[in-house]
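Here is a short briefing to read alongside your viewer. Have the sequence and the fold open, and we will go through some points worth a look.

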Amino acid sequence: MGLHRVVALVMAPQSTFELACAAEVFGVGRPGLPARYAFTVCAERPGPVPTLAGYDMLVSEGLRALDAADTVVVPGWQRPDGPASPAVLDAVRRAHRRGARIAAICSGAFLLAEAGLLDHRRATTHWRMAAELATRFPAVAVEPDTLYVDLGDVATSAGTAAGIDLCLHLVRADHGAAYAAQVARHMVMPPHREGGQLQYAASVPAGRPLDSLAPILDWAAERLHEPITVDDLAVRARVSPRTLARRFAGQLGVSPGRWLLQQRVGAARALLEETDLPLEAIAARVGLSSATNLRRRFHSMMRTTPAAYRRSFGPRRGPYQHD
């Protein structure tokens with residue numbers, strides 16, 4: 001199985017953090033974890049590229065590197081108010097036409113919009129720049145309260161850490177939840193963050209500290225095999241179901257029931273990838289009661305069946321297998 005080629009396109013002055021998001025996920029070898037990606041950095045002109053951190057990075061590859069990329073990552077664009085280089089736009093469009101996946105982190109969405117890759121399509125960017133993106137490119141359906149948007153051929157993310165969320169999501173799409181979880185574990189990151197980015201946009205009013213959901217989330221995640229209900233979560237949190245729903249909506253952007261189903265389906269995905277357990281046993285382990293219920297819930301969330309998912313990502317035949 002060949003390595004998936006990821007090429008990051010850097011532009012001066014380059015954000016070091018946004019580039020590091022892609023490099024850490026796609027470019028770092030990890031003990032005990034089979035390599036799935038080859039990572040390269042390119043620029044319009046090879047040579048020194050200034051960064052926002054005050055130093056130059058030496059880039060040896062030019063735009064031709066995009067011609068061999070399976071995924072192109074645009075890790076931010078610090079001058080989105082001006083026109084992009086025609087050569088850069090042409091290289092990105094050319095990569096997209098031949099089937100490369102194009103992923104933009106934060107302000108990199110402006111470059112994709114200028115290239116026409118987001119016309120009449122959903123996209124996101126840092127919440128501070130969402131209104132500007134919508135104004136400058138009215139054909140783009142901007143979603144300001146979204147951590148990332150993946151359209152298959154094109155993906156965009158919100159700012160800073162949401163770039164890691166997007167990159168881990170792409171790994172999950174390529175190689176399954178278990179492999180992505182191992183990458184995240186090496187990075188000491190959650191494999192998937194819940195909620196939208198507006199939860200980070202405004203400070204909590206003085207005198208009203210936010211009641212963290214972390215204890216109840218941890219408690220529930222350890223008991224997915226039990227028939228936990230939303231009422232059980234409310235009792236554990238010592239609040240009414242209505243108050244719990246408000247907290248989930250405010251902090252995670254989902255209802256308690258939806259969050260619980262996401263955890264159960266996520267646990268089922270990992271078991272489908274890593275074990276040969278029958279569906280009845282998996283359903284029992286993740287609290288979905290029966291194989292029939294597992295199939296229905298799994299299909300509603302994943303748009304595929306557990307059997308098809310196992311064929312793609314299972315321990316014998318899928319891309320997640322040890323070399």
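This is a predicted model: local features need pLDDT of at least 70, side-chain atom pairs count only at pLDDT 80 or more; totals for chains, interfaces and linings use all residues.

**Helix H1 against helix H5**
- Helix H1 covers residues 16–26, and its axis comes within 9 Å of that of H5 (residues 162–175), crossing at roughly 25°.
- Because angles under 35 degrees count as roughly parallel, H1 is roughly parallel to H5.
- The crossing of these two helices, H1 and H5, is right-handed.
- On the H1 side the contact is made by Phe-17, Cys-21, Ala-22, Val-25 and Phe-26, while H5 brings Gly-163, Ile-164, Cys-167, Leu-168, Leu-170 and Val-171.

**Helix H7 against helix H8**
- A second pair to look at is H7 (residues 214–221) with H8 (residues 230–237), whose axes are 10 Å apart and pack at an angle of about 135°.
- H7 and H8 are therefore oblique to each other, and their crossing is right-handed.
- From H7, the residues Ile-216, Trp-219 and Ala-220 meet Leu-233, Arg-236 and Ala-237 of H8.
- This contact of H7 with H8 divides into five nonpolar residues, no polar and one charged.

- In soluble globular proteins, nonpolar side chains tend to be buried together.
- Here the largest nonpolar core has 63 residues, and those with the most contacts inside it are Leu-9, Phe-26, Leu-66, Val-92, Ile-102, Leu-111 and Leu-112.
- The element that gives the most to this core is H5, with seven residues.
- Which residues does Leu-111 touch, not counting those up to four places away in sequence? They are Leu-9, Met-11, Val-74, Trp-77, Ala-84, Val-88, Leu-89 and Val-92.

**Backbone details in the loops**
- Ala-12 and Pro-13 are joined by a cis peptide bond, with omega about -10°.
- Pro-13 has its place in the loop between strand E1 (4–9) and H1.
- Cys-106 is not a glycine, yet its phi is positive, at about 55°; you will find Cys-106 in the loop between strand E6 (101–105) and helix H3 (108–114).
- Is Cys-106 buried or exposed? Cys-106 has a relative accessible area of 5%, so it is buried.
- Ser-289 also has a positive phi, about 70°, although it is not a glycine; Ser-289 sits in the loop between helix H11 (279–285) and helix H12 (291–302).
- With a relative accessible area of 60%, Ser-289 is exposed.

- Ser-157 lies in strand E10 (residues 154–157) and counts as buried because its relative accessibility is 0%.
- Leaving out residues up to four places away in sequence, Ser-157 touches Ala-104, Ile-105, Cys-106, Thr-124, Thr-125, His-126, Leu-147, Tyr-148, Ala-162, Gly-163 and Leu-166.
- Glu-24 is found in H1, where its 32% relative accessibility makes it partly exposed.
- Beyond its neighbours within four places in sequence, Glu-24 is in contact with Arg-30 and Met-187.

Notes:
Residues are numbered from 1 along each chain as its sequence is written. Side-chain values use heavy atoms; hydrogens and water are left out. Helices (H or I, at least four residues) and strands (E, at least two) are DSSP runs, numbered from the N terminus. Buried means under 20% relative accessible area, exposed over 50%, partly exposed in between (1.4 Å probe, protein chains only). Contact means heavy atoms within 4.5 Å. Axes are lines fitted to C-alpha atoms, for helices over the stretch in contact, and angles run from 0 to 180 degrees between N-to-C directions. Angles under 35 degrees count as roughly parallel, over 145 as roughly antiparallel, 65 to 115 as roughly perpendicular and the rest as oblique. A crossing is left-handed if the near helix is turned anticlockwise from the far one by less than a right angle, and right-handed if clockwise. A nonpolar core is a set of buried Ala, Val, Leu, Ile, Met, Phe, Trp, Tyr and Cys residues joined through side-chain atoms within 4.5 Å. Ala, Val, Leu, Ile, Met, Phe, Trp, Tyr, Cys and Pro count as nonpolar, Asp, Glu, Lys and Arg as charged, and the others, Gly among them, as polar.
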